[in-house]
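Here's a quick tour for anyone opening this structure for the first time. Have the sequence and the 3D view at hand, and let's walk through a few spots together.

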Amino acid sequence: MEKQLDPMKDDLPLMANTSHMLVKHYTLDLDVDIESQSIEGTIVFFLETGSRYRNSSSADEGGCHSRPDETCKMGAPEPCHVPVTGPSACSSEAEDNDCAASDRGEKDTSDKNGNHSNGEQASGIPGLKSCCDTEDPGSTGFLLVLDCCDLSVLKVEEVDVAVVADAEKFTGSAKVRDASEELGDLQNRIVHELVTLPAHRWQEQLCCYRRCSHAPACGELPFATGPWSLEIRKPGIHAPKDFPHAIRVRYRTKPEGRSVTWTTDQSGRPCVYTMGSPINNRALFPCQEPPIALSTWQATVRTDAQFVVLMSGENSAEPVPVQEGVLSWYYYVTMPMPASTFTIAIGCWQEFKQQPFTTNVWTNSDFSLPFSKADYRWHEERCGHVEYPCRFQNPDMRLQSVIPYRVFAPWCLMESCKDLALWLLPQCLSAAYTTLGTHPFSRLDVLIVPSNFSSLGMASPHIIFLSQSVLPGGRHLCGARLCHEIAHAWFGLAIGARDWTEEWISEGFATYLEDVFWARAQQLSHDEAEAQQELKALLRWRRLRDEVQNSEEELQVLRPNRENTGEVSESGASVVKHGLKAEKIFMQVHYLKGYFLLRFLARTIGEASYLALLRKFVHKFHGQLVLSQDFLCMLLEDIPEQKGSGLTIESIFQNWLDTSGIPKPLLEEGETWKECQLVQQVSGEVTKWIQTNQKIRKRSKKKIKQDEVIFQKLLPDQLVLLLESLLEEKTLCARTLQCLEKTYKLREQDAEVRHRWCELVVKHKYVHGYGDVEKFLREDQAMGVYLYGELMVNEDAKQQELAHKCFAAAREHMDVSSAKVVAEMLF
């Protein structure tokens, strides 16, 4: 394991020793300086002893350690979402004053090289053995290991929670200062009682967290930072149970930190947002990165009054002036989730509101819910997660087809946001509700992020980032992408993967459900939905085929850890296999193979039965972490007749999850999509264009009459298939390409269509289209990486000059992984 944790390798290390101690809650108090591109402040960790050292006689404290040894059984239950419908906790003026920021202006202890430590500097990544020798009196003592990278850690101190007002209420009947109890034991007991408060006391709990986070220190703690970790110790402490359970860290981010992107928005104004990958949030704040380390958080963020702060939070924060020109924003989350899901975006965003007379929200009567009586019986059962006031158990929340939503973007994108994202959101939310039932989260913000965002979308609790690339060209791409990200509320957030290498659990489900949601949002008939989904399947098949042919085999495996999936070291540390491989970020194999597996299962057992099973899966496992076999076991238990047909967990692992290449069952299905009416229509149009190209070449000096060939109007996905088919032609003359662009108005189509058009331009060296390529590489960076390679492959001087020109203009603000991949293509 120690060799695998080499930061120069492709695997992403998860260093936190979560088996020893677990962060149950984070309290952040931050100042954001957009001009200097830095975030500085404090983070307080409220900790509990981890599963390996927890007293076996104690009650389950919501521990996040699950057992990987049983194929069809989950380990300890994980928490689920908590609905928050009341006012923000600690919102009164008095409480804000009570919780005012403290510890300002500490001395910066960094050396000239930017390293920070008040103890011995860590040399590289610590071996796992040093993290595990926690009870040997001859050892160096217990180390709390946190995931940390690209941060300047200024100070670490123990927090004296025992001096906080009303602390005695958390110590039972014992006296606050019992002579027989050491101060450290008392403090840890207070934290234990605080983190295990019952669900109905969540507001009181948040207020107490906030007061405790501003309590005075009772001593600094030695610490050391390594390439991937922050190690904290307390002299004389050899066991996790005796280690301080409330720790405050003062730190500052670095402009080059890989967890946040400092850039400008489409209006040229500065902004910052979290990346989410590949190193998650460890360069935003020290944390425990393993998904099993579920925690809650609350954050106070201060920045210039011109900026809006959006964050993963159950409340819609209202800014509070704290000094002239500075506003404070407060968010909180009461659903324990991985620290990687914490999301923040700060910029001059505008909220775009739908006018009442144009609002088009479907009500429950507009859709007949496809739920059976059995679906409703599930809600009468106790949820499988730790005790929570769960939305799935709240009758009012179960009937909420459209949760409150807002749309934010730079002012220059106002019209497109109003016409598309704002109008489509209620339809997509309602369609998701009719498919899966209760929304896991209480509200949703959608933000159109800057042009350097590296994907078409990213879902986090309560907030979705959307690329500007989904806005042009009509509602199809925007609606489909919204549906994909909304699906992640259930698959990826409410239900998470216990092992991050099983990305297909999140992305495969979201890709499959994207089609289901979008068909219902468009109110398509069964036949129309079927035809569109067959066409989409063919496009995805072609994409998977190309990716399999042009990528490393080891990156094509959905369960790269195979039988070791879900296992961690004794301390809880592990690695995400291939997590740092730059090109993996642009691969879609886990989306596509996961989608085709789920599609195969749906067609095997019938779509109605399959969707009912998905609803059952959501109810059974929301708020928990799962492995592939948890879903597959439930499927085979509900459909026992499939075992007789040879469909077993072992066969699914072998054919779909544990091997590279195209799955064998999928090879047999590939030809069936060509019979789809929408596909046949495209085939007819392709033939017309090939014939047209031949005529143009023969009559190069004569114009073809416009009415000589009549081309049919095509859907966006049909246009994608048409252009992909024409890409297979050896030569298309310039006049053919000119006619093609004019016929379909390709420059006005969505980004998927325009990307294929740019590929045609590059392949056939259509000089009049180079401006389209340049525009695409500038404005559609989420999709343009592949085009740089195409421009270089042809070894054409003009095209290579265009590639270098576009990269030089975009490089400064380009996503780091994108820039690395493009640079390798160009230099």
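Start at H439: leaving out residues up to four places away in sequence, H439 touches R391, Q400, S401, V402, I403, L429, Y433 and W490. Keep in mind that this is a predicted model.

**Around H439**
- You'll find H439 in a loop, between α7 (414-436) and β19 (444-448).
- Is H439 buried or exposed? Its relative accessibility is 3%, and buried means under 20%, so H439 counts as buried.

- In soluble globular proteins, nonpolar side chains tend to be buried together.
- Here the largest nonpolar core has 214 residues, and I232, F631 and L740 are the ones with the most contacts inside it.
- Which element gives the most to this core? That's α7, with 12 residues.
- There's also a second, separate core of 18 residues, with V164, L194, C212 and A246 among them.
- Back to I232: setting aside neighbours within four places in sequence, I232 is in contact with F142, L143, L144, L146, V156, L221, P222, F223, F243, I247 and V249.

- Take a look at α11 (residues 589-605) and α12 (residues 607-621): their axes come within 6 Å and cross at roughly 120°.
- Angles of 65 to 115 degrees would count as roughly perpendicular and those over 145 as roughly antiparallel, so α11 and α12 are oblique to each other.
- On the α11 side, the contact is made by L598, L601, A602 and I605, while α12 brings E607, S609 and Y610.
- What kinds of residues make up the contact of α11 with α12? Five are nonpolar, one is polar and one is charged.

- Strands of a sheet pair through backbone hydrogen bonds, either parallel or antiparallel.
- This open sheet has four strands in the order β10-β11-β16-β13, and the pairing is antiparallel.
- Which strands sit at the edges? They are β10 (260-264) and β13 (308-311), each of which pairs on one side only.
- On average, neighbouring strands of this sheet are turned by 15° against each other, if you ignore direction.
- Zoom in on β11 (residues 270-274) and β16 (residues 344-347): they run antiparallel and are joined by two bridges.

How values were computed: Residues numbered from 1 in each chain as written. Predicted model: local features only at pLDDT ≥ 70, side-chain atom pairs only at ≥ 80, totals over all residues. Heavy atoms only, no water. Buried < 20%, exposed > 50% of the residue type's maximum accessible area, 1.4 Å probe, protein only. Contact = heavy atoms within 4.5 Å. Core = buried A, V, L, I, M, F, W, Y, C linked by side-chain atoms within 4.5 Å. Axes fitted to C-alpha atoms, helices over the stretch in contact; angles between N-to-C directions. Parallel < 35°, antiparallel > 145°, perpendicular 65-115°, else oblique. Nonpolar A, V, L, I, M, F, W, Y, C, P; charged D, E, K, R; others polar. Pairing = 2+ DSSP bridges.
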